[in-house]
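Me: I have a protein model open on my screen and would like to walk through it with you. Could we take it one question at a time?

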Amino acid sequence: MTPIISAVFLLAVLGTTGLRIWLTFRQIGHVSAHRNEVPVRFADKISKEEHHKAADYSIAKQRIGLLDTLVGTILLLLFTLGGGLQMIADTVQGFFPDTDSYAFGLALFAGFGLVGFIVDLPFSLYRTFVIEARFGFNKMTARLYVIDLFKQAALTVVLGAPLLLAVLWLMGRMGEHWWAYVWLFWMGFNLLALLFYPTVIAPLFNKFVPLADAAMQARIESLLARCGFRVGGLFVMDGSKRSAHGNAYFTGFGAAKRIVFFDTLLERLQPEEVEAVLAHELGHFKHRHVWKRIAALSLISLGLLWLLGQLMLQPGFYAGLGVSTTGTAMALILFSLVMPVFTFPLSPLFSFLSRHHEYQADAYAAQQTAANDLVTALVKLYRDNASTLTPDPIHSMFYDSHPSASLRIARLTSQSPGRPKIDLAPSGGGSDRRSDPGVQPFDA
Ligand SMILES: [Zn+2]
């Protein structure tokens, strides 16, 4: 049984890595092939230099992504079949001999996390201080980078350690249906995180001030009234502290929900464009996208936890993945390492749903404001973020949470051919997130 599990895993790794590499080359090829010509729709809005910059920036990011994929695959194989995780477990066992103890579990996760962090660090440094800097986007100083690292490490310990201990406790004490308890706990944790992220966590990294522009105020209030919204928080974030990329997003729920504009976005957009972007974000609220995501996350995590519950009982699960130390902590680490290999081919489904939500939010904005204002805002964002206008369609299918600029603009212009705002009937009724924020405007 063990050799079969190893063989299936190895084949899946090769398949997924091959697929990723193929997609990367497709994207590089497609962007390069369209480098010399600005797409017709954008010809009068985006200069040849700006188009070249976007192509070069996209290709530079794809190249480092390719290296990242290769190193990630080698690391995954070293951790598993190569015996790396077992080495970490043996070292940890020297300090904490009882592999069922919480101390062993915490130390195993810490050792595993530390190795991952060290391998990722050069990529993060290269992306920030070489690529982003070369294209004029980086505003991060070495000092701020180090401060951020310490804050993230502290947060990981303060939040991660109790979370892990609780999960290990539930796994150890709740019998064969532990996965149902862990699932309830995990969902509760996610809701709390969503509630506290905007008011407690995000302010650790950025300053948020209420949007105070007097001219904007009346405009925004009128939009909110028209949409039947009561939003407690419209905030401006000092995104310029780290990057020149501009964006907007919404976060939280209930009383904690807020809409956040990057200062870098506000300084480039006209008031009517800001209104259109806000209307797009309100569209996400109106269509209850936060709750739909939580529902999807909830179903997927239930399925995955159940699966882990079954796999953990199979000795072949450990041995087939190159480890001899069994137990809850090891099972969690193995599962989190191996699952993405099998779930990556499903990413077109999730990206499709996300793009569907973006179209819905765009359509809502076109209803509540002038579609053309959102179009000009989008063009400015793509231009100023040097986002490519010519992505490869298959690469896009896998990776893009937002439809391409051309598709969004085509749909916006066909939906609302310059309908004057005054004709729009007010709609009633009440209602109810960033690794690379600049790339796909209106990150949600
Ligand atoms: Zn959006």
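Predicted model: local features only at pLDDT ≥ 70, side-chain atom pairs only at ≥ 80, totals over all residues.

Me: Let's start with L266: is this residue buried or exposed?
Reply: L266 lies in helix α8, residues 263-266. It has 20 other C-beta atoms within 10 Å, and a residue counts as buried at 20 or more. So L266 is buried.

Me: Which residue of β2 stands opposite V209?
Reply: Strand β1 (residues 208-210) and strand β2 (residues 233-237) run antiparallel and are joined by three bridges. In that pairing, the residue of β2 opposite V209 is V236.

Me: And do β2 and β4 run parallel or antiparallel?
Reply: Strand β4 covers residues 258-262, and five bridges join it to β2.

Me: In β4, which residue is the bridge partner of A248?
Reply: Strand β3 (residues 248-251) pairs with β4 over four bridges, in the antiparallel sense. The two strands form a hairpin with six residues between them, and G252 in the turn has a positive phi of about 75 degrees. For A248, the bridge partner in β4 is F261.

Me: Now to α7: why do its buried residues line one face of the helix?
Reply: Helix α7 (residues 214-227) has 14 residues and reaches 20 Å from its first C-alpha to its last, close to the 20 Å expected at 1.5 Å a residue. Its buried residues are I220, L223 and C227. Seen down the axis of α7, these residues line one face because they fall within an arc of 60 degrees.

Me: What do the buried residues of α7 pack against?
Reply: The face turned away from the buried side carries the exposed residues A214, Q217, A218, E221, S222 and A225. Just after α7, G228 takes a positive phi of about 65 degrees. The buried residues of α7, for their part, pack against β2, α9 (271-286) and α13 (347-368).

Me: Which helices do the buried residues of α2 pack against?
Reply: Helix α2 (residues 48-79) has 32 residues and reaches 46 Å from its first C-alpha to its last, close to the 46 Å expected at 1.5 Å a residue. Its buried residues are H51, A54, A55, Y57, S58, K61, Q62, L76 and F79. They pack against α1 (2-33), α3 (84-95), α4 (102-134) and α12 (328-343).

Me: How far apart do the C-alpha centres of domain 1 and domain 2 lie?
Reply: Both domains are made of two stretches of chain: domain 1 is 2-203 + 292-345, and domain 2 is 207-286 + 349-423. Their C-alpha centres are separated by 28 Å.

Me: Which element gives the most to the side of domain 1 that touches domain 2?
Reply: The contact takes 31 residues from domain 1 and 26 residues from domain 2. On the domain 1 side, the elements that give two or more residues are α1, α2 and α6 (178-201). With six residues, the element that gives the most is α2.

Me: How many residues on that side of domain 1 are nonpolar?
Reply: The side of domain 1 that touches domain 2 includes seven polar and seven charged residues. The nonpolar residues there number 17.

Me: Is R288 buried or partly exposed?
Reply: R288 is found in the loop between α9 and α10 (289-311). Its phi is positive, about 55 degrees, although R288 is not a glycine. With 14 C-beta neighbours inside 10 Å, R288 counts as partly exposed.

Me: And A386, is that residue buried or exposed?
Reply: A386 sits in the loop between α14 (371-384) and α15 (393-399). Phi of A386 is near 50 degrees, a positive value in a residue other than glycine. There are 23 C-beta neighbours inside 10 Å, so A386 counts as buried.

Technical notes. Residues numbered from 1 in each chain as written. Pairing = 2+ DSSP bridges. Expected span 1.5 Å × (residues − 1). Buried ≥ 20, exposed ≤ 12 C-beta atoms within 10 Å, placed from the backbone. Contact = placed C-beta atoms within 7 Å. Domains from an automatic or database assignment. Nonpolar A, V, L, I, M, F, W, Y, C, P; charged D, E, K, R; others polar. Arc of directions from axis to C-beta.
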